[in-house]
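The report that follows is written for a reader who is meeting this structure for the first time. Please look over the sequence and the model before reading on.

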Amino acid sequence: MAERPDVRPVWRMHHSDLAETKARLRALLSGWLGGPDRFTARYGMPRMRRRHLPFSIGCSERDQWLQCLRMAIDDTVPNTALRAALDAVFTAMADHLRNHTEPEADRHPLTGACLASPGRTPAPDDAAWRPCQPDCHH
């Protein structure tokens with residue numbers, strides 16, 4: 001991450017020493033993947049969205065983080081099906097953590113319907129999509 005200029009904005013959101021970030025991620029993944037719940041015991045409830053609110057996370061930051069995560073998954077997970085499953089779940093989580101809307105990026109490319117709903121991002125077949133209102137992204 002530190003050597004990649006294309007992810008510098010996301011790198012700046014992290015401490016220069018990633019040891020604590022890595023420890024937290026390992027603890028979270030332990031319980032999430034069926035092992036012992038090390039995260040809650042050490043850090044409290046995950047509340048991922050709340051923990052990320054201090055950072056401005058839009059599509060660009062989400063995509064930068066996902067690039068780095070995908071590289072790590074490709075390096076450490078030999079099973080293709082598991083890599084795809086992890087990617088799908090992490091992509092959904094990263095999208096959920098977005099807290100900075102980008103009006104053009106938050107519109108469905110075919111329908112123009114708004115994808116930015118407070119607290120959630122609808123799936124493409126979600127009937128709750130609604131056209132953007134003039135004050136939708138404020």
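Arg 24 is partly exposed, with a relative accessible area of 31%, where buried means under 20% relative accessible area, exposed means over 50% and partly exposed lies in between, for a 1.4 Å probe and protein chains only. The model is a predicted one, in which local features need pLDDT of at least 70 and side-chain atom pairs count only at pLDDT 80 or more, while totals for chains, interfaces and linings use all residues. Residues are numbered from 1 along each chain as its sequence is written, and side-chain values use heavy atoms, with hydrogens and water left out.

Arg 24 forms a salt bridge with Glu 20, and the closest N and O atoms of the two are 3.2 Å apart; the term stands for a side-chain nitrogen of Lys or Arg within 4 Å of a carboxyl oxygen of Asp or Glu. Both residues lie in helix H2, 4 residues apart, which is about one turn of the helix; helices (H or I, at least four residues) are DSSP runs, numbered from the N terminus. Glu 20 is itself partly exposed, at a relative accessible area of 34%.

## A network of salt bridges

The structure holds 7 salt bridges, and Arg 62, Asp 63, Asp 95 and Arg 98 are linked in a network of them. Side chains of opposite charge can pair when their charged atoms come close.

## The largest pocket

The largest pocket has a volume of about 1,600 Å³. On a 1 Å grid over the protein atoms alone, a pocket is an open set of points where a 1.4 Å probe fits, with protein on both sides within 12 Å along at least five of seven lines, and lining residues have an atom within 4 Å of a point; the volume is the space filled by probe spheres set on the points. Of the 47 residues that line the pocket, His 14, Thr 21, Leu 25, Trp 65 and Leu 69 are the closest to its centre.

Helices H1, H2, H3, H4, H5 and H6 each give two or more residues to this lining, and H2 gives the most, with 10 residues. By class, the lining has 30 nonpolar, 7 polar and 10 charged residues.

Trp 32 is found in helix H2 and is partly exposed, with a relative accessible area of 41%. Together with Leu 33 and Val 89, Trp 32 forms a nonpolar patch on the surface, with about 290 Å² of accessible area in total; such a patch is made of residues with over 30% relative accessible area and no salt bridge, their nonpolar side chains (Val, Leu, Ile, Met, Phe, Trp, Tyr) being joined within 5 Å.

Leu 28 also lies in helix H2 and counts as partly exposed at 22% relative accessibility. The C-alpha atoms of Leu 28 and Tyr 43, which are 15 residues apart along the chain, are separated by 9.6 Å.

Methods:
Nonpolar A, V, L, I, M, F, W, Y, C, P; charged D, E, K, R; others polar. Patch = residues over 30% accessible without salt bridge, like charges linked within 9 Å, V, L, I, M, F, W, Y side chains within 5 Å. Areas by Shrake-Rupley, 256 points an atom, 1.4 Å probe, with all protein chains shown as cover.
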